[in-house]
Amino acid sequence: MDVLSNLALGFGVALTLKNLTYCFVGVFLGTLIGVLPGIGPLVTIAMLLPITFGLDPVSSLIMLAGIFYGAQYGGSTTAILVNMPGEVSSAVTAIDGYQMARQGRAGPALAIAAISSFVAGIISTVLVAFFGPLVGMWALEFGAAEYFSLMLMGLVFSAVLAHGDLVKSLAMVVIGLMLGLVGTDVTSGLPRFSFGVAELLDGVGFTVVAVGLFAVAEIVQNLARTDKVEVFTKDVKNLMPTWADIKTATMPTLRGTALGSFFGALPGITASVASFSAYMLEKKLAKDPSRFGKGAIEGVAAPEAANNAAAQTHFIPTLTLGIPASAVMALMLGALTMQGIQPGPQVMTSRPDLFWGLVASMFVGNVLLLLLNLPLVGLWARLIQVPYRWLFPAILMFAALGNFSLNNSAMDVYLCAAVGVLGYVFAKLDCQPAPLILGYVLGPMLEENLRRALLMSDGSFAVFFTRPISVAFLLVTALILLAMVVPALRRGKELALEEGDAG
């Protein structure tokens, strides 16, 4: 009954004209940026962060959340019609969705993607409403030692699950941690890593890092691409799937929802992991796995359900534990801290309107997305043909204006450009930016909890190993690292032996 009364409070907040408008703006922008190639939710949320500073926290969070899960919907459109996923998590959808489009079945593929996303969105939002408070109550038992261990686990998770080399991902986490430490030591008041530059005494701003790393670097990368793609915008007709399509897609949708909800609730695991796992599960369960990759509708329904479910349940660790589940969630966390709200279990008691208003807005947003996506699919399909050269000057202008407007500081614009160059270099070196932004966001909180725990234990590190929850998180962290490092060492040893035998 508590959940129902809290949901009633949430709908009271979400259904006000102001929040309904921001929810609509969020899901509309999310679908738009998901459809437009080369622009993702990271770029858009990073650009809009300065604007949200002038809004109240509930409205800004509702809008940013709408952009996030709206982009999951929109990303499937480009994945199916252009074979160019607007979002990383839609990459799996492209495998069978694009093949369906080539067979003249783009309409049913888009419809199944929208319907499975809607079903997953509603079910996973119910799970957020029921399990979010339970996780929050459990997190009230946490002290500084438990938070430190949990954040460490989240950072290691994000590094392990990022694409590419584990060492590079861990290095990106460390760079993020160091960026987060730039500024003034809150305890001693001494400058750290400021190199005598007065503007750095307040630290490197969150929007500077986010916009530079995601918006500026992404633009340079997109401009460097010369790939030509085949677009099937004229084949979007006969939108409604057949009864056989719906029947075939039902169970994959439910299984994808379950997997996505589970993975989304774990800190450090992105929606792309959920959608890939859902695709592999369906391929494993299929009577004829050879159909996958050739236009199997299950290959569209399951990953779309999984990535949208994960997008909703990402809010459980972000809001209840203060641990962002992905780079986008790290931006949301940054938006909250910019508003003076410290995410954590106390959010539900101190700001119930924010937590339950957001949960209720997800129900509203998913309905709006279904209404926007199915009838307007022709419009979204035509938007795919907008040339990127028309988009990037506007994005750069908004990025520069947004950064300057926060502190009226030209230094922020220069720093943003420098971080953008750094982001492009990282991309060329195949280093993922997500672990860096998570390290940057969690770094100050990690340090604060480490210091607090050591203060309470008179400087003894035993506090991390004598508290059961803390030691459990540390054990999981060690097991994750061992699971990744041991096979790599074994492969290296086998390779060395083979080379020795050959020599």
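Trainee: Is Ser470 buried or exposed?

Mentor: A residue counts as buried when its relative accessible area is under 20%. In this predicted model, Ser470 has a relative accessible area of 0%, and it is therefore buried. Ser470 belongs to helix α22, which covers residues 468–502.

Trainee: Which residues does Ser470 touch, not counting those up to four places away in sequence?

Mentor: Ser470 touches Ala145, Glu146, Ser149 and Phe464. With Phe464 there is a further detail: the side chain of Ser470 reaches the backbone oxygen of that residue at 2.8 Å.

Trainee: Which residues make the nonpolar surface patch?

Mentor: Val126, Phe130, Phe131, Leu134, Met137 and Leu140 make this patch of about 600 Å². One of them, Leu140, lies in the loop between α6 and α7. Leu140 counts as exposed because its relative accessibility is 54%, and the cut-off for that class is over 50%.

Trainee: How many aromatic pairs does the structure hold, and how is a pair read?

Mentor: The structure holds nine aromatic pairs. To classify a pair, one considers the angle between the ring planes: under 30 degrees counts as stacked, and over 60 as edge-to-face. The rings of Phe24 and Phe28 have centres 6.0 Å apart and planes at 25°, so this pair is stacked. Both residues lie in helix α2, four residues apart, which is about one turn of the helix. Phe24 counts as partly exposed because its relative accessibility is 37%; Phe28, at 31%, also counts as partly exposed.

Trainee: What are the values for the rings of Phe142 and Phe473?

Mentor: Their centres are 5.8 Å apart and their planes lie at 75°, so the pair is edge-to-face. This pair links distant parts of the chain, 331 residues apart: Phe142 is in the loop between α6 and α7, and Phe473 is in helix α22. Phe142 counts as buried at 9% relative accessibility, and Phe473 is buried with a relative accessible area of 10%. Together with Tyr147, Phe142 and Phe473 form one aromatic cluster.

Terms used
Residues numbered from 1 in each chain as written. Predicted model: local features only at pLDDT ≥ 70, side-chain atom pairs only at ≥ 80, totals over all residues. Heavy atoms only, no water. Patch = residues over 30% accessible without salt bridge, like charges linked within 9 Å, V, L, I, M, F, W, Y side chains within 5 Å. Areas by Shrake-Rupley, 256 points an atom, 1.4 Å probe, with all protein chains shown as cover. Salt bridge = Lys/Arg side-chain N within 4 Å of Asp/Glu carboxyl O. Helix = DSSP H or I, 4+ residues; strand = E, 2+ residues; numbered from the N terminus. Buried < 20%, exposed > 50% of the residue type's maximum accessible area, 1.4 Å probe, protein only. Polar contact = N/O pair within 3.5 Å; in protein donor to acceptor, adjacent residues only side chain to side chain. Contact = heavy atoms within 4.5 Å. Phe/Tyr/Trp six-rings, centres within 6.5 Å; stacked < 30°, edge-to-face > 60°.
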